[in-house]
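Here are a few friendly notes to read alongside the model. Please keep the structure open and follow the points in order.

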Amino acid sequence: MNKELFIKNRRVFAEQMEDRSFAVFFSGEALHKSADQYFPYEANRNFFYLTGLSRPNYILVLVKSKASILEFLFIEEATDYSEKWLGHRYSKEEAAVISGFDVKTIFFLDRFEAFIANAILSDSRKNLVKVPQNLYLDLYRHQVKIKPISLQKLDFVLANYPEICVQNANQILDQQRMIKADDEITEIEKAIKFTQVGLEAVWKQAVPGKNERELDALFEYASKSAGSNGVSFHTIAASGGNATTLHYEENNCIISDDNLVLMDLGCLSGPYASDITRTFPILGKFSDRQKAIYSLVLDVNKKCIAFVKPGIMMDDLNAYAKKLLAEGAKRIGIIENEAEIDNVYYHSVSHYLGLDVHDVGTYLEPLKPGIVLTIEPGLYIAKEHIGIRIEDNVLVTETGSRNLSHNIIKEIADLEKFMSR
Ligand SMILES: [Mn+2]
């Protein structure tokens, strides 16, 4: 991606910082798995957004004083050991090219604490900010009782300088990240394209008797072969009644002849995600009953995409989807009265999408151009062993919406034709 985006992201963030403040962001590290094994490293998304770098243990520092903004990056130094055992480590020059930093403001990690102490905290003539008032940190909390990593890492500051006010950088960055730049939309479109390739490989090879996990593996193989660096979340490959469990992740059942298969999946392009759901008959041909229910969900999917435009509230979109699903479900005899819709449709129709699959951003303000969201109505009828969801990824434009995943087929005739053999 173009470094200009990351330079701009830092500038826009820092412009919203109070004067006499500094901000510290950590790129994170791989989580421990078991014994000497670790989970694959995932860059802290705010760190990536501000630097374009996906490397563990890096630290970004922004300083704002008298309205001027200074930026510093701390990176891992390559050693003989790290190069031989762990692979290449970026040089300062390489990190500068990706992030748009001036190479003179990139240091190795061992300088970090002394830098904070001498250049920011100490009351010397040379320090960068006179008596800092605010410290901006990523305070995302995965669970309310778990202390954010940033607070743990900066304990040496917080314990000794209680007069410095901690500010939640996420309040600024969540708003900023909601509105996608053109480069970001391009990445999401690439992630969608990889997803299309993966799904088409599945459709070409899906036959009764296969295990759900074979479809999961086919998807991952084909999408990675197409260029994706991985799936954006654990693939759901749910046949028959398994599809009525929203987050079914076991993917370990033999798919029988009469089954519909619901696959909710997505790919990564860099750290950007897609999130698509398609439902198809394993035989390549819908029964009349499957057709009736599928057509209803598809109709709601298309109407909701057309409903998306700047100014509407997520609540309006949710209410609209639910009303359409309730009317339709009653019409084709799934429920007797519309109030029963909660028994067969029990999730929201949309969430934001971007650097995270369930991306940051408030749901309490009207939609704005540049937001990317999912549209994913569904119906889950346990007694008929049928779960259907059809999910697309949609960009809010100046005048309405653009379906970024329009190339992934979903019409009954197109699916049956594609799967015919
Ligand atoms: Mn989704």
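1. Let us begin with an open sheet of 3 strands, ordered E9-E10-E13, in which the pairing is antiparallel. Please bear in mind that you are looking at a predicted model. The edges are taken by strand E9 (236–239) and strand E13 (276–281); each has a single partner strand, so one side of each has no neighbour in the sheet. From one strand to the next, the twist averages 15°.

2. Next comes the nonpolar core. Which residues have the most contacts inside the largest one? They are Phe22, Val24, Leu73, Val261, Leu325, Val344 and Leu379, in a core of 106 residues. Residues of this core come from both domain 1 (3–177) and domain 2 (179–419), so the core lies between them. As a general background, nonpolar side chains in soluble globular proteins tend to be buried together.

3. Setting aside neighbours within four places in sequence, leucine 73 is in contact with Thr51, Tyr58, Leu60, Ala95, Ser99, Phe101, Thr105 and Ile106.

4. Is strand E17 mostly covered or uncovered? Strand E17, residues 392–396, is mostly covered, with 5 of its 5 residues buried. Asp392, Val394 and Val396 point one way from the strand, while Asn393 and Leu395 point the other way. That pattern can be read against a general rule: in a regular strand, side chains alternate between the two faces of the sheet.

5. Finally, consider the partners of E17. Strand E14 (residues 372–375) pairs with E17 over 4 bridges in the antiparallel sense, and threonine 374 stands opposite asparagine 393 in E17. Strand E18 (residues 401–403) is joined to E17 by 3 bridges, and the two run antiparallel. Here valine 396 stands opposite serine 401 in E18. E17 and E18 form a hairpin, with 4 residues between them.

Definitions and conventions:
Residues are numbered from 1 along each chain as its sequence is written. This is a predicted model: local features need pLDDT of at least 70, side-chain atom pairs count only at pLDDT 80 or more; totals for chains, interfaces and linings use all residues. Two strands pair if DSSP finds at least two bridges between them. Axes are lines fitted to C-alpha atoms, for helices over the stretch in contact, and angles run from 0 to 180 degrees between N-to-C directions. A nonpolar core is a set of buried Ala, Val, Leu, Ile, Met, Phe, Trp, Tyr and Cys residues joined through C-beta atoms within 7 Å. A residue is buried if 20 or more other C-beta atoms lie within 10 Å of its own, exposed if 12 or fewer, and partly exposed in between; C-beta atoms are placed from the backbone. Domain bounds come from an automatic or database domain assignment. Two residues are in contact if their C-beta atoms, placed from the backbone, lie within 7 Å.
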